[in-house]
Amino acid sequence: MIKNDKTVVIPPVYKSLGKAFVEGVLIAETENSLYGLLNKEGDWVIQPKYKQLFNYSGKVLAAKIKNWKLIDLNENIIKSFPDNFTFISDFVQNIAIFSLTIDGSTKYGLINTQGDFVLNATCEKILPNPDNGYWQILVNNKWKMFKENIGLINTEEYLDFSKVN
């Protein structure tokens, strides 16, 4: 990574780097496929020891060694999850997509930065980018919308144009 004045901040020795710094930290993947967090000076904030890492939310990180965990920047564990739990996305507006696999069937849900389920794993699909805070969710082969403070919204009722004159 190079600054505008052409000084090297983070040398090109990493397999990959995250999309952007979030509150001064960036995910870095080493050549042996382990992930950690770098600061803007290129120093390790969290040493590379994780098999997977999702971007820092400003509060927590989703990190995996064996099982997924929510951790803070001091690597304190906020919450641990079972083997059948997988983080699917970064936190967006303090909510991330997760999946649960039970008896070979995978369902998706939403979780917040405290590790609480905002929407249980009952969905066939959740699109990763909420539009104005509304998540697009496929439940029982029907697209619905979800907003944390409202819940599931049946789009057929919400978008009923038969009432328009």
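N39 is found in strand 3 (residues 35–39), strands here being DSSP runs of E with at least two residues and helices runs of H or I with at least four residues, both numbered from the N terminus. N39 is buried, with a relative accessible area of 17%, where buried means under 20% relative accessible area, exposed means over 50%, and partly exposed lies in between (1.4 Å probe, protein chains only). A polar atom of the N39 side chain lies 3.0 Å from the backbone nitrogen of E41.

The model is predicted, so that local features need pLDDT of at least 70 and side-chain atom pairs count only at pLDDT 80 or more, whereas totals for chains, interfaces and linings use all residues. Residues are numbered from 1 along each chain as its sequence is written, and side-chain values use heavy atoms, with hydrogens and water left out.

**Salt bridges**

Side chains of opposite charge can pair when their charged atoms come close. The structure holds 4 salt bridges, a salt bridge being a side-chain nitrogen of Lys or Arg within 4 Å of a carboxyl oxygen of Asp or Glu. Among them are the pairs in this table.

| Pair | N to O distance |
|---|---|
| K15 and E29 | 3.8 Å |
| K19 and D90 | 3.8 Å |
| E124 and K107 | 3.7 Å |

K15 forms a salt bridge with E29. This pair links distant parts of the chain, with K15 in the segment before strand 1 (16–17) and E29 in strand 2 (residues 25–29), 14 residues apart. K15 is partly exposed, with a relative accessible area of 46%, whereas E29 is buried at 9%.

K19 and D90 meet through their side chains in a salt bridge. This pair, too, links distant parts of the chain: K19 sits in the loop between strand 1 and strand 2, and D90 in the loop between strand 9 (85–87) and strand 10 (95–102), 71 residues apart. K19 is exposed, with a relative accessible area of 75%.

E124 forms a salt bridge with K107. Here the distant parts of the chain that are linked are the loop between strand 12 (117–123) and strand 13 (125–126), which holds E124, and strand 11 (residues 105–112), which holds K107, the two residues being 17 residues apart. E124 counts as partly exposed at 25% relative accessibility, and K107 is partly exposed with a relative accessible area of 27%.

An open sheet is formed by 4 strands in the order 9-10-11-12, with antiparallel pairing, and two strands pair if DSSP finds at least two bridges between them. Strand 9 and strand 12 are the edge strands, each of them pairing on one side only. The twist averages 25 degrees from one strand to the next, taken from axes that are lines fitted to C-alpha atoms (for helices over the stretch in contact), with angles running from 0 to 180 degrees between N-to-C directions. Within this sheet, strand 10 and strand 11 pair in the antiparallel sense over 8 bridges, and T101 stands opposite T106 in strand 11.

F81 is found in the loop between strand 8 (77–80) and strand 9, and at 5% relative accessibility it counts as buried. When its neighbours within four places in sequence are left aside, F81 is in contact (heavy atoms within 4.5 Å) with N67, W68, K69, L70, F87, I111 and G115. One of these residues, K69, is 12 residues from F81 in sequence and 6.0 Å from it in space, C-alpha to C-alpha.

Methods. Polar contact = N/O pair within 3.5 Å; in protein donor to acceptor, adjacent residues only side chain to side chain.
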